[in-house]
Amino acid sequence: MGPALPVRIRRKLRGAGRRWREARMFARAMASPRHPIVVHLIPIRRCNLACAYCNEYDDFSPPVPLETLQRRVDLLASLGTTIITLSGGEPLLHPELDALIRHIRRRGILATVITNGYLLTPERIRRLNHAGLDYLQISIDNLRPDNISMKSLKVLDQKLRWLAAHAEFAVTINSVLGGGMPNPEDALAIARRARELGFTATVGLLHAPGGHVQPLTAREREVYEQILELGKSLYSFAHYDRFQKNLVRGLPNEWHCRAGSRYLYVCEDGLVHWCSQQRGYPGIPLEEYTRAHLEREYRTVKPCAPYCTVSCVHQTAMVDWFREHPREALTQLVHSVGARSPSSARLLAWLLLDTRNRRLFQKLALRVLGIERRAA
Ligand code: SF4
Ligand code: SF4
């Protein structure tokens, strides 16, 4: 792709390629439960900020050497991983992050970075473009910095404008609710600003250590609903309905957490954990992690599941819910959102709820995407 093309065009072209790879990834995940869908890989635990609610950073750890990280990516590729998310700490503090992203892409895996955004400059964004980054997510906690978090729109707005002008990868802005954040309205203003700049806006629920949530206040729930109204993708409705609707009311969810199987958290020491909130389980070195471990953890019932807020694990669980119970999943989705149901949900319901349509659709999708039914 020549440098003479404007960013807007390059972004569109790359977006089309990314969506194609995502469709293949989704088809593989639907065809088989035997590989990880998302892996969080930690290249550095050190962070340049110190958010009061965070238990996932320190202020001294050195970066994990590039060769070690590349070896971890190779091991994850051999397990069939489809998405690797680099977080931390602050991943942009890693001096060889671009080489790591290139390596992930060479192994045919989607590359995502979660950052606090402080180190972004136009030049840094261009380097991430060249490295082949697919997604970048920034979490913004408030409008002005306070003693809980420095991740504020006031500080980061310039970074967002640079992203809008230069990024060829997809950008998601996540705002948060709960956990004692003093101004819930901030989350709505952040989500609106994200949409205004052409980004995806999501909202997360702050969790206590252990991954569970306190019920939101009435005002927080109102803000939460308003943010959901800003993004009407099938996914936002499905995700909202399946998990967060209960959590915002402090009610438990009935679901099967597939952490350790469809989702892995690989810490800076190279150990596999269920997730960032359940370090130590199973705590096995990635070198020793086998398909037998993936299968065992697929079945393991996690006691922390009912009140869990770890949304990336909910997302991977939704794929298996759809795969195993397409009729129930779609019926529940379409009924619960009723008239607000997006057209994509109604189309999927028509395609998948009728057995004959479903068989035809699956055959066609797998053939078009070049995926074997028994793919690992
Ligand atoms: S920026 Fe992220 S990793 Fe750093 S302290 Fe805040 S929440 Fe934790
Ligand atoms: S339910 Fe799963 S994702 Fe949630 S805290 Fe427990 S192990 Fe982690």
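Modeller: Around ligand 1 sit C47, L49, A50, C51, C54, E56, Y57, G88, G89, E90 and N116. This is a predicted model, where local features need pLDDT of at least 70, side-chain atom pairs count only at pLDDT 80 or more, and totals for chains, interfaces and linings use all residues. Residues are numbered from 1 along each chain as its sequence is written, while chains are lettered from A and ligands numbered from 1 in the order in which they are written.

Colleague: What makes a residue count as near the ligand?

Modeller: Its C-beta atom, placed from the backbone, has to lie within 6 Å of the molecule. The shell splits into six nonpolar, three polar and two charged residues.

Colleague: What is the peptide bond between G88 and G89?

Modeller: Cis, with omega about 15 degrees. Y281 to P282 is cis too, omega near -10 degrees.

Colleague: How do you know that the length of α2 agrees with a helix at 1.5 Å a residue?

Modeller: The expected span is 1.5 Å times one less than the number of residues. For the 13 residues of α2 (66-78) that gives 18 Å, and the end C-alpha atoms are 18 Å apart, so the two agree.

Colleague: Which residues of α2 are called buried?

Modeller: L69, R72, V73 and L76; the term needs 20 or more other C-beta atoms within 10 Å of the residue's own, and exposed means 12 or fewer, with C-beta atoms placed from the backbone. Down the axis of α2 (directions taken from axis to C-beta atoms), the buried ones fall within an arc of 100 degrees, so they line one face. On the other side, E67, D74 and S78 are exposed.

Note on methods: Nonpolar A, V, L, I, M, F, W, Y, C, P; charged D, E, K, R; others polar. Helix = DSSP H or I, 4+ residues; strand = E, 2+ residues; numbered from the N terminus.
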